[in-house]
Amino acid sequence: MQNLIQIIVDAVALGSLYALVSLSIGLVFGVMRLINFAQADYITIGAYALVVPTASVSPALLLGALPFAFMAGGVVVVVVVLALLTERLAFRPMRGSDPATLLVSSFAVSYFLQHLVMLIHSGRPKSVGIGNSLSAAVEFWGIRVPGTQLLTMGVALVMLVAMVFFLKKTPMGIQMRAAAENFQMARLMGVKANRVIATAFAISGIMAAAVSLLLVVQTGTLDIRMGLMPVIFAFFATVIGGMGSLPGAALGGFIVGFVTVGLQAFLPPDLRAFRDAFVFMLVIGFLLFRPQGLIVTSAARERV
Amino acid sequence: MNQLAENSLETRNVHVAFGGIHALSGVDITIKTGMVQGLIGPNGAGKTTLVNVLSGFQKPTRGNVVLNGKDVSGDGPQKLARAGVGRSFQAARLFQDMSVEQNLMTAAIGTGLNKADAIIRSREILDWMGLGHHGAVLGGALSYGDERRISIARALALHPKFLLLDEPASGMNAEESQNLMSIIRAIPAHFNCGVLLIEHNMEVIMGVCEHVYVVDGGRSLANGTPQEVQDNPDVRRAYLGEEDAAA
């Protein structure tokens with residue numbers, strides 16, 4: 001029983017991390033039909049902003065040396081600026097291109113940023129000690145929950161609630177939902193395209209900053225591809241949840257988290273090494289049998 | 001003529017050709033604020049093309065669109081919408097996953113209102129149209145007739161100077177259609193704007209419009225009061241042939 005609860009806690013923690021990433025992908029996809037794989041590099045660069053650029057494997061801290069609030073704020077500023085720059089310089093000129101072209105351009109931006117990090121910080125993985133105190137486990141009724149997992153769940157919860165509030169209650173949020181559903185019509189209703197899209201990128205930057213901090217606290221390492229796997233899994237989550245649906249993206253994030261942790265726990269030990277292959281099979285299954293995802297949106301309806 | 005230019009939306013000798021096909025060949029109409037005018041013509045006469053030209057969706061191949069005396073022929077739909085040209089579409093195209101009230105709020109916010117004022121304007125319009133009870137319903141959950149009426153309400157939430165309604169009563173039964181027409185008749189006074197009502201069914205618009213333009217085969221055929229237009233032999237010829245075919 002305790003073992004099962006432990007697994008559920010692990011699953012929720014991983015799921016919340018994926019949900020954060022899939023929401024940021026879903027938000028930008030909603031207003032621009034762009035699947036932004038550069039989201040991975042927003043996460044990576046947010047994490048690298050914590051340290052001084054050197055070739056050393058245990059670099060001195062830069063933003064990471066600041067008190068927590070300033071460190072978090074600093075990372076958010078760096079990633080939001082980066083997200084807005086990629087929007088302005090790379091994606092805005094491509095606006096209106098078909099989704100396949102946009103996808104390819106996001107790969108280009110992603111590789112460019114990855115190699116930029118390599119140029120500045122070298123390509124070697126680095127260790128960075130931040131939030132070590134958080135790795136101590138907190139015990140509830142015999143269940144051990146690592147502090148980092150609690151933090152992940154807490155951050156995800158706050159961000160999900162903030163996002164729902166933003167989308168349902170604020171003027172910009174209402175305009176963004178309209179734009180996500182029918183961009184042309186929203187523009188006729190006075191929605192300013194540049195502002196809505198830039199806001200979506202800024203929010204995806206805030207979420208990426210949160211994810212980069214959570215990843216660094218969890219793993220204590222920096223790697224130029226550290227954002228890649230979370231983004232790939234989160235992309236799967238958006239496919240499962242229904243491309244363009246934000247509730248679907250969050251739901252998909254949790255599903256992928258649960259499936260991953262469940263496979264890790266219940267697969268025969270010999271097969272555990274191939275855990276991710278089973279997750280990928282799930283996604284292929286969805287693409288074959290329910291390509292529109294769990295929650296169908298106007299983005300999917302358009303195609304029929 | 002110059003007096004009209006102050007508060008009017010006009011086409012001057014507008015031509016539209018798609019490849020070799022002439023959808024419009026020299027149409028002049030003038031929409032004035034403060035009244036409902038009709039645009040009628042048989043199916044395929046070029047009515048929707050003309051509305052597309054007036055609202056910036058279609059650039060005229062030749063001729064001009066003039067808004068309050070200013071040439072706006074090259075302006076796109078967003079720019080014209082901001083300048084006060086609102087329109088409805090034959091398909092309602094509401095935001096399906098948003099409530100009716102938020103559909104209207106999107107438009108109201110788009111004109112620069114803050115959230116509180118946007119809510120006030122949206123509710124006011126819905127109540128005025130007798131649709132207040134639909135505020136919380138999702139756009140995608142409405143009946144066809146309600147969807148059409150809400151799309152007009154949403155266009156009104158932009159507070160347009162000129163409102164182009166493309167066959168707003170199509171698919172409605174006689175009673176719904178009559179209801180809608182009495183609402184449309186009251187729009188110019190209440191919202192201080194001009195309305196162009198596009199219809200292919202002459203009966204529907206006779207009681208609503210002060211002035212009617214008739215197009216056929218992409219050309220202006222006649223214009224005048226509903227009675228004048230109805231008595232015009234050219235109009236009768238163009239129309240009766242079409243109506244027989246449709247029946």
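Here are a few worked exercises on aromatic contacts and helix packing in a predicted model.

**Exercise 1. Work out how the rings of A:Phe233 and A:Phe236 are arranged, and where the two residues sit.**

Step 1: Start with the whole structure, where a search over all chains turns up ten aromatic pairs. One of them joins A:Phe233 and A:Phe236, with 6.2 Å centre to centre and 80° between the planes.

Step 2: Classify it. Planes over 60 degrees apart count as edge-to-face, so the pair of A:Phe233 and A:Phe236 gets that label.

Step 3: Look at the sequence positions. Both residues belong to helix α9 (residues 228–241) of chain A, and because they are three residues apart, about one helical turn separates them.

Step 4: Check burial, which means under 20% relative accessible area. A:Phe233 comes in at 4% and is buried; A:Phe236, at 14%, is buried too.

Step 5: Widen the view. A:Phe233 and A:Phe236 belong to one aromatic cluster that also takes in A:Tyr18, A:Phe37, A:Phe107, A:Phe235 and A:Phe280.

**Exercise 2. Find which arginines of chain B lie over the rings of B:Phe89 and B:Phe95.**

Step 1: For B:Phe89, go for B:Arg93, which lies over the ring face at 4.3 Å from the centre.

Step 2: For B:Phe95, pick B:Arg154, whose charged end sits over the ring, 4.9 Å from its centre.

**Exercise 3. Describe how α5(A) and α8(A) pack, and what their contact is made of.**

Step 1: Two packed helices are described by the angle between their axes and the distance between the axes. For helix α5 (residues 147–169) and helix α8 (residues 193–219) of chain A, the axes come within 10 Å and cross at roughly 170°.

Step 2: An angle over 145 degrees counts as roughly antiparallel, so that is how α5(A) and α8(A) run relative to each other.

Step 3: List some contact residues. On α5(A) they include A:Leu151, A:Val155, A:Met159 and A:Phe166; on α8(A), A:Ile203, A:Ile206, A:Met207 and A:Leu214 are among them.

Step 4: Sort by class. The contact of α5(A) with α8(A) has eleven nonpolar, four polar and no charged residues.

Note on methods. Residues numbered from 1 in each chain as written. Chains lettered and ligands numbered in written order. Predicted model: local features only at pLDDT ≥ 70, side-chain atom pairs only at ≥ 80, totals over all residues. Heavy atoms only, no water. Phe/Tyr/Trp six-rings, centres within 6.5 Å; stacked < 30°, edge-to-face > 60°. Helix = DSSP H or I, 4+ residues; strand = E, 2+ residues; numbered from the N terminus. Buried < 20%, exposed > 50% of the residue type's maximum accessible area, 1.4 Å probe, protein only. Lys NZ or Arg CZ within 6 Å of the ring centre and 35° of its normal. Axes fitted to C-alpha atoms, helices over the stretch in contact; angles between N-to-C directions. Parallel < 35°, antiparallel > 145°, perpendicular 65-115°, else oblique. Contact = heavy atoms within 4.5 Å. Nonpolar A, V, L, I, M, F, W, Y, C, P; charged D, E, K, R; others polar.
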